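Here is a short report on one chain. Look over the sequence and the model before reading on.

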Amino acid sequence: MAMKRQPKLICMDGRDAKVLRQKLGLTQTDFWARVGSVQTAGSRYESGRDMPTQVAWVLHIAYGPPARVQKLVDWLRQSKPD
């Protein structure tokens, strides 16, 4: 049975990512490198530029609690491309 809706992500936008990064005590460089992004891109997201959904997915996988990460992975594997 496929999940119909994407699970709620831990970071819906760059502001959420900034709050998470600060809560974890990480620099922009360390935080964004873990998801394969450079500091300058992370800075742009944190400043209000649109953050691609795929980046939000990777942030969720990298920093989310295991049970919530698994829900997203299951949803991604079951989703059909548009």
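## Basis of the model

This is a predicted model, in which local features need pLDDT of at least 70, side-chain atom pairs count only at pLDDT 80 or more, and totals for chains, interfaces and linings use all residues. Residues are numbered from 1 along each chain as its sequence is written, and side-chain values use heavy atoms, with hydrogens and water left out.

## Overall fold

The chain has 5 helices and 0 strands. Its order from the N terminus is α-α-α-α-α. Helices (H or I, at least four residues) and strands (E, at least two) are DSSP runs, numbered from the N terminus. The radius of gyration is 13 Å, close to the 12 Å of the globule rule for 82 residues, so the chain is as compact as a globular protein of that length. That radius is taken over C-alpha atoms, and the rule is 2.2 Å times the number of residues to the power 0.38.

Along its principal axes, the C-alpha trace spans about 40 × 25 × 20 Å. Of the contacts with a separation of 6 or more, 58% join residues 24 or more positions apart. Contact means heavy atoms within 4.5 Å.

## Surface and charge

The accessible surface is about 5700 Å², and carbon and sulfur atoms account for 52% of it. Areas come from the Shrake-Rupley method with a 1.4 Å probe; for residues, only the protein chains shown count as cover. Buried residues make up 33% of the 82 residues. Buried means under 20% relative accessible area, exposed over 50%, and partly exposed in between (1.4 Å probe, protein chains only).

The chain carries 14 positive and 7 negative charges, and their mean positions are 4 Å apart. Lys and Arg count as positive, Asp and Glu as negative; His and the chain ends are not counted. Each charge is placed at NZ of Lys, CZ of Arg, CG of Asp or CD of Glu.

## Helix H4 and His-60

Helix H4 covers residues 53-63, and its buried residues are Val-55, Ala-56, Leu-59, His-60 and Tyr-63. They cover an arc of only 140 degrees around the axis, which puts them on the same side of H4. The arc is that of the directions from the helix axis to the C-beta atoms. These residues pack against H1 (14-24), H2 (28-33), H3 (39-46) and H5.

His-60 is buried, at 0% relative accessible area. Beyond its neighbours within four places in sequence, His-60 contacts Lys-8, Leu-9, Ile-10, Arg-68, Val-69 and Leu-72.

## Helix H3

The buried residues of H3 are Ala-41, Gly-42, Tyr-45 and Glu-46. They fall within an arc of 135 degrees seen down the axis, so they line one face of the helix. Their packing partners are H1, H2 and H4. Gly-48 follows H3 and has a positive phi, near 115 degrees.

Arg-21 sits in helix H1. Is Arg-21 buried or exposed? Arg-21 is buried, with a relative accessible area of 10%. Leaving aside neighbours within four places in sequence, its contacts are Leu-26, Thr-27, Gln-28, Phe-31, Trp-32 and Glu-46. Arg-21 and Tyr-45 are 24 residues apart along the chain, with C-alpha atoms separated by 12 Å.

Lys-71 lies in helix H5 (residues 66-78). At 48% relative accessibility, Lys-71 counts as partly exposed. Lys-71 and Pro-52 are 19 residues apart in sequence and 20 Å apart in space, C-alpha to C-alpha.
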